[in-house]
Amino acid sequence: MKKIYICLLILIGMSCQDDNINLFDDLTDKGGFVAFKSEPTLSFNFLKLAEAEINEEIIDVNNNITSYVLSVTHEDVTVDNFITITKFPANLVITLPMLYEAFNITEADLSGFSEFEFNAVVTTPNAIYNGIKPDFNTDTNEAEGGTTISQLLGDSYRNALAFNFSFIIPPPKKIRGTSFEEGSVGSGTYIRPDGQDARDEGPLINNPPISADIMYTAVGTGVDDEIGFTAEYIQLPFQNGVGGPSGTDIGISNYTDDVGAYPDGEQGYRLQNTRGIVKLAFDRVAVPSGVTDSGVQIKLFINGTGFDDDNLRNTPGLDPDYIIVSTLIERTDGSSETMVIFDKSGDELDDLGESGKFTLISTGFLTDVSAYTLMIEFRSTSSSERAYFDQMLVFQPSE
């Protein structure tokens, strides 16, 4: 930390030794400042993760650096000593596999909102600098934190002391999909139709006009016509015939108190308190002939916390609350496979609910696929555990 009177002494020209220097002229002219030689690319296409990489030359602006040590932070976890460089100019290479290994994560743990924050500690013969901008504490009259001032964080200085590795989500070209705009939201909770017991396993059928549509049959085949989907209920063993999804707010919804707004249109699909497992299966979507790169996506919003992470009611063998998103992939060579693109439960869903954002769930671009069938599996036992889905797309690269 640095007392404010130290800054004043330097400003009026008095000599002073201090390891924490944050004055603009001092840092640019005499301090340890590392910059990218050229304007770097730091935001990458989330749908082309294989191409996401920083590979840039960095320079020692004042020719006085003895070490440059880069740390990286992702979702409140910091990895120190991620990269160390002692000679300049140098080539700074950061790849996603390097970050996966550092944080013990996989590609499936990323979303379009993921970000990696880098900060460097630079040592010179006279002082130590880092990429964090100091905050002034008005209670103590002290500058706290780092040693890089805000002016140096601008693009014009191409600073390599503090920067982010982030993603952009370009709008893909839609092949087919749904944003749940064509179905009805109803006026009350979902009640299974007359003659169907609330506890029955099997297909879930619409019950208009009060209940929101829980399944939908497509009425057109054009690009902008929404595809259909079906719903199925599976009872949990411990329920002993009690429960079922009747009386819960599930199905197509225009409720926005939780989400604020839907990514595409005025409606989405809500699941909560299913008292068992509800499975959604979307219509099979064929990829047009000649399209070599394609993928499937859906956006997910989690509201609140409290998803059961331990065995429900302490019953051995029961899984926690969870959401699994998978897709049946049919290949052009006639083979097929099921790919799980999202699988989180309990505390992991609680953590996602704290973000307050829709999360993009995507396969990214796959090659030589002839058709996709997207599926969602959801389990919850409380009305406070809500999930919203929107903007399901089978897509190809934008032209």
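**Basis and overall make-up**

This is a predicted model, in which local features need pLDDT of at least 70 and side-chain atom pairs count only at pLDDT 80 or more, while totals for chains, interfaces and linings use all residues. Residues are numbered from 1 along each chain as its sequence is written, and side-chain values use heavy atoms, with hydrogens and water left out.

The protein contains four helices and 26 strands; helices (H or I, at least four residues) and strands (E, at least two) are DSSP runs, numbered from the N terminus. Of its 399 residues, 49% are buried, where buried means under 20% relative accessible area, exposed means over 50%, and partly exposed lies in between (1.4 Å probe, protein chains only). Among contacts with a separation of 6 or more, 73% join residues 24 or more positions apart, a contact being heavy atoms within 4.5 Å.

**The largest pocket**

The largest pocket holds about 1,300 Å³ of space. On a 1 Å grid over the protein atoms alone, a pocket is an open set of points where a 1.4 Å probe fits, with protein on both sides within 12 Å along at least five of seven lines, and lining residues have an atom within 4 Å of a point; grid points are joined across faces, edges and corners, and the volume is the space filled by probe spheres set on the points. The lining comprises 49 residues, and E75, D109, L110, S111 and S114 are those nearest the centre of the pocket. Elements giving two or more residues to this lining include β5 (67–74), α3 (96–103), β8 (115–123) and α4 (346–353), while β22 gives the most, with five residues. By class, the lining has 23 nonpolar, 11 polar and 15 charged residues; here Ala, Val, Leu, Ile, Met, Phe, Trp, Tyr, Cys and Pro count as nonpolar, Asp, Glu, Lys and Arg as charged, and the others, Gly among them, as polar.

In α3, the buried residues are L96, L99, Y100 and F103. Seen down the axis of α3, these residues fall within an arc of 105 degrees, so they line one face of the helix; the arc is that of the directions from the helix axis to the C-beta atoms. On the other side of α3, P97 and E101 are exposed, whereas the cover over the buried residues includes β5, β6 (77–85), β7 (90–95), β8 and β12. Just after α3, N104 takes a positive phi of about 55 degrees.

In α4, G346, L349, D350, L352 and G353 are buried. Seen down the axis of α4, its buried residues fall within an arc of 165 degrees, so they too line one face of the helix. The cover over these residues includes β20 (293–303), β21 (322–331), β22 and β23.

**Individual residues**

The table gives the computed accessibility of selected residues.

| Residue | Relative accessible area | State |
|---|---|---|
| Q272 | 6% | buried |
| F342 | 6% | buried |
| I169 | 31% | partly exposed |
| F180 | 1% | buried |
| Q391 | 15% | buried |

F342 lies in strand β22 and, apart from neighbours within four places in sequence, is in contact with L300, I323, I324, V325, L349, L352 and I361.

Most residues other than glycine have a negative phi, and most peptide bonds are trans. F180 has a positive phi near 65 degrees and lies in the loop between β13 and β14, whereas Q391, with a positive phi near 55 degrees, lies in strand β26. The peptide bond from F88 to P89 is cis, with omega near -5 degrees, and a cis bond also joins P208 and P209, with omega about 5 degrees.
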